[in-house]
Amino acid sequence: QKAEWAKLKDEPSVTSDNVQVELVANIGTPDDVDGVLRNGGEGVGLYRTEFLYMGKTSLPTEEEQFEAYKAVLEGLGKEKPVVVRTLDIGGDKELDYLDLPKELNPFLGFRAIRFCLERDDIFRTQLRALLRASVYGNLKIMFPMVATVDEFRQAKELLLEEKDNLKQEGVEVSDDIEVGIMVEIPSTAVIARQFAKEVDFFSIGTNDLIQYTMAADRMNEKVSYLYQPYHPAILNLVHNVIEAAHAEGKWSGMCGEMAGDPIAIPILLGLGLDEFSMSATSILPARSQLRKLSKEQIAARKDELLSKSTTEEVVELVKEITE
Ligand code: PEP
Ligand code: MG
């Protein structure tokens with residue numbers, strides 16, 4: 001099996017009926033780039049920038065961040081896309097040196113874009129570093145935990161302001177950076193139509209989307225039985241997001257664990273997902289699996305899949321379709 005996968009390293013990610021999708025990787029540091037290339041990744045679908053801020057005693061400087069973003073962009077080359085997610089702290093990721101107040105429900109609290117919009121000094125530093133690095137590759141910027149269209153507008157406004165500032169300082173900045181959002185909060189998945197008019201792309205963050213939709217803490221063993229990726233509620237939200245993107249000529253990816261899951265892959269393909277972002281080591285197995293799947297065949301059963309009542313029924317139908 002390993003030998004078969006290795007042969008697919010430089011092959012495109014196509015289905016048996018010749019539909020091409022993108023298989024990209026989730027990374028956390030510039031050191032991960034090697035693994036992406038070795039595993040035939042077509043780009044980076046999620047660069048979690050939190051690691052730059054963690055395990056330190058103070059905030060990373062603009063220069064430190066610029067070097068890290070540049071290293072990743074250069075590592076992937078001019079063509080391969082790199083989706084960088086702006087700071088997503090809070091929830092399960094704390095930063096001691098910021099001395100944030102303890103919260104009763106950190107996962108429902110002051111985190112990610114909420115934090116960045118209030119501490120725009122910290123956010124602007126990151127945006128400047130990203131903009132400066134943009135000329136070294138194919139950069140896309142993504143905001144995490146967006147719950148309202150207003151949050152997206154505010155974040156994008158700050159990005160445009162920093163872009164203007166840099167240009168006035170005579171710094172070169174790329175003019176075709178796509179700006180998108182993670183869809184990981186149900187409110188955003190529900191009105192994806194409205195978001196799709198303003199964003200360049202979506203990346204569905206199922207790790208959080210599942211916990212918020214099912215109201216089941218992703219860290220709590222007692223309720224882990226409710227954490228069901230193939231639950232019809234999740235599939236209907238995912239489908240809504242993909243359709244909304246396509247209706248506006250945009251693309252939709254997924255960067256939660258679900259995107260690399262062999263049971264989910266046929267479903268997501270059938271629902272029309274364009275980009276699958278996963279751990280690097282899952283890419284070749286996923287490519288191998290895709291080559292044996294017919295998108296047409298699964299898509300023809302889409303309505304049936306979406307109208308199932310339980311996870312078990314969904315799984316049963318997927319097996320039937322793909323056998
Ligand atoms: C997600 O929520 O699906 C995601 C990719 O982000 P994280 O796991 O970093 O919260
Ligand atoms: Mg998340």
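Predicted model: local features only at pLDDT ≥ 70, side-chain atom pairs only at ≥ 80, totals over all residues.
Biologist: What makes D208 count as buried?

Modeller: The cut-off is 20 or more other C-beta atoms within 10 Å. D208 has 22 of them, so D208 is buried. The residue is found in helix α10, residues 206-214.

Biologist: Why is R218 called partly exposed?

Modeller: Buried needs 20 or more C-beta neighbours, and exposed needs 12 or fewer. R218 has 17 inside 10 Å, so R218 falls in between. R218 sits in the loop between α10 and α11 (232-247). Leaving aside neighbours within four places in sequence, R218 is in contact with N207, Q211 and Y227.

Biologist: Which residues does the "binding site" annotation cover?

Modeller: The UniProt entry, which is unreviewed, lists R48, R85, N207, D208 and R218. Such annotations may be inferred rather than shown by experiment.

Biologist: How do you know that the strands form a barrel?

Modeller: Eight strands close in the order β1-β2-β3-β4-β5-β6-β7-β8, and the pairing is parallel. Neighbouring strands of this sheet are turned by 25° against each other on average, direction ignored.

Biologist: What makes β1 and β8 a pair?

Modeller: Pairing takes at least two bridges. Strands β1 (residues 22-27) and β8 (residues 275-278) have four, so they pair, and in the parallel sense. One bridge joins V24 to S277 in β8.

Biologist: Which strands does helix α4 touch?

Modeller: Helix α4 (residues 62-76) packs on the sheet and touches β2 (44-48), β3 (81-85) and β4 (138-143). Its direction makes about 155° with that of β3.

Biologist: What makes K93 partly exposed?

Modeller: K93 has 16 C-beta neighbours inside 10 Å. That count lies between the limits of 12 and 20, so K93 is partly exposed. K93 lies in the loop between β3 and α5 (112-118). Leaving aside neighbours within four places in sequence, its contacts are E50, M54 and D88. The C-alpha atoms of K93 and T322 are separated by 38 Å.

Biologist: How do you know that the radius of gyration agrees with a compact globule?

Modeller: For 323 residues, a compact globule would have a value near 20 Å. The protein chain has 19 Å, so the two agree. The C-alpha trace spans about 60 × 45 × 35 Å along its principal axes.

Biologist: What does the protein chain contain, in helices and strands?

Modeller: There are 16 helices and eight strands. Buried residues make up 46% of the 323 residues.

Biologist: How many of the contacts join residues at least 24 apart in sequence?

Modeller: The share is 70%, counted among contacts between residues at least 6 apart in sequence.

Methods. Residues numbered from 1 in each chain as written. Chains lettered and ligands numbered in written order. Helix = DSSP H or I, 4+ residues; strand = E, 2+ residues; numbered from the N terminus. Axes fitted to C-alpha atoms, helices over the stretch in contact; angles between N-to-C directions. Contact = placed C-beta atoms within 7 Å. Rg over C-alpha atoms; globule rule 2.2 N^0.38 Å.
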